[in-house]
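Subject: Structure handover

Hello,

Here is the structure I said I would pass on. My notes on it follow below.

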Amino acid sequence: MAEDSDLERTEPPSPRRLEEARRKGQVPRSHELTTFAVLMTGLMSVFMLGPSLFSTLKQIMVGEFGFTRAVLADPSMMWLHLQMAVRAAMLALLPVFLACALAAVLTPIMIGGWLFTFDPLTPNFERMNPMNGIGRMFSIRSLVEMTKTVLKSGLVGGVAAAVLWKDRDQFLQIITMPPDAGFVFLGQMVRFTLTMTVAAMALIVLIDVPYQLWDYHKGLRMTKEEVKQEMKEMEGSPEIKGRIRQLQREAARKRMMAAIPKADVIVTNPTHYAVAIQYTEKMRAPIVIAKGSFLLAERIIEIGKEHKVMVIRTPPFARALYHHTELGQEIPAALYTAAAEVLAYIYQLKQYQNHGGVEPELNDNLPVPKELDPEAEN
């Protein structure tokens, strides 16, 4: 039962899955919202441009459908008048068409955002599979879309038919009305019909937009196993992360070993710890360039001796440096005095080896605070 539940898509889509779907051109869309926006834009355009629009159309009808003897005598003139009438009507309606086209382009962005991708154009032979096509035809999604189309057509068509049926007598008598009265009545009927149609579409949109958003996210839902796999891919599997850390440690160790010849001195425990420190006049304080314990400490001492780096036994000082200083960091201020004595001893010892004189001795009791030495007796 647990395995079955893991296979169910019960988890919401992750941001990564949503981004991948978007990259493939899959975004929520509502055709009903677009239709509503186009109708609403057309209605507003009619209200705003109504007087000038109907005035222009009236002039076209009066001017182009008024026949003279010359027109009746030459049939080609009637075709010319029709072309002029159509051209003038299209120019008058052009602002409405442009506004509706702009609404059709911008409305989908409201719920799906701007999207420009060529991924949907990539050939996909699965879409050409007849069995998959038949499956989509009889799927629940297709049934829902067909039901929506029937209801939408019935609702919008029913509203438009009801409006026209209500004024059917006056509509049939429009050809007998004076032009001014006929155009006024026609304009009122168009505005009222558009208003009722838009109102019907608004009801459909209020249902369709939430459904489209829900259906989109439902289609992208993930199984628990997919969520776990994605987390592994994003954060890296424990095996890969462990391997990366191992490689990083090996690289750091190689850099550390390469820096040992630059050290001024290596202080030891003598066998448990080894710390190599370096100091130049440009440094504010000595820094630790290598440190290790047990086998690594032995290797540090071995490399130091190979490159003639001084190795001295200072257990408290070595332990304090090992536990309280990281590679590349300055030693703690509390160890400045001990470090100064060690470096001074190294300098004096080199002078003695090169020029002779009195052999220097290192203070056996370096000033190392007890709180920095983990093995100090309280």
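A residue is called buried here when its relative accessible area is under 20%, and exposed when that area is over 50%, with partly exposed in between. Please keep in mind that this is a predicted model.

By that cut-off Tyr273 is buried, because its relative accessible area is 13%. Tyr211, at 23% relative accessibility, counts as partly exposed.

Both of these tyrosines turn up again among the aromatic pairs. How many aromatic pairs does the count come to? The count comes to two. In one of them, the ring centres of Tyr211 and Trp214 are 6.0 Å apart and the planes stand at 40 degrees, so this pair is tilted. Tyr211 and Trp214 are three residues apart in helix α10 (residues 179-219), which is about one turn of the helix. In general, an α-helix has 3.6 residues a turn, so residues three or four places apart point the same way.

Tyr273 and Tyr322 also form a tilted aromatic pair, with 4.6 Å from centre to centre and 40 degrees between the planes. This pair links distant parts of the chain: Tyr273 belongs to strand β2 and Tyr322 to helix α14, 49 residues apart.

Next, the cores. The largest nonpolar core has 24 residues, and Val265, Val267, Ile312, Phe317, Leu321, Leu335 and Val342 have the most contacts inside it. At least two residues of this core come from each of β1 (265-268), β2 (273-278), β4 (310-313), α14 (315-324) and α15 (336-355). Helix α15 gives the largest share, seven residues. There is also a second, separate core of 16 residues, which includes Ala259, Ala274, Ile289 and Ile300.

Beyond its neighbours within four places in sequence, Leu321 is in contact with Val267, Val275, Ile277, Ile331 and Leu335.

Last, the record. An unreviewed UniProt entry annotates residues 33-54, 92-116 and 192-214 as "transmembrane region". What is the chain like over residues 192-214? In the model that stretch is 100% helix and 0% strand, with its end C-alpha atoms 34 Å apart.

Regards

Key:
Residues are numbered from 1 along each chain as its sequence is written. This is a predicted model: local features need pLDDT of at least 70, side-chain atom pairs count only at pLDDT 80 or more; totals for chains, interfaces and linings use all residues. Side-chain values use heavy atoms; hydrogens and water are left out. UniProt positions are given in the numbering used here, feature names are shortened, and annotations may be inferred rather than shown by experiment. Helices (H or I, at least four residues) and strands (E, at least two) are DSSP runs, numbered from the N terminus. A nonpolar core is a set of buried Ala, Val, Leu, Ile, Met, Phe, Trp, Tyr and Cys residues joined through side-chain atoms within 4.5 Å. Buried means under 20% relative accessible area, exposed over 50%, partly exposed in between (1.4 Å probe, protein chains only). Contact means heavy atoms within 4.5 Å. Rings of Phe, Tyr and Trp (its six-membered ring) pair if their centres lie within 6.5 Å; planes under 30 degrees apart count as stacked, over 60 as edge-to-face and the rest as tilted.
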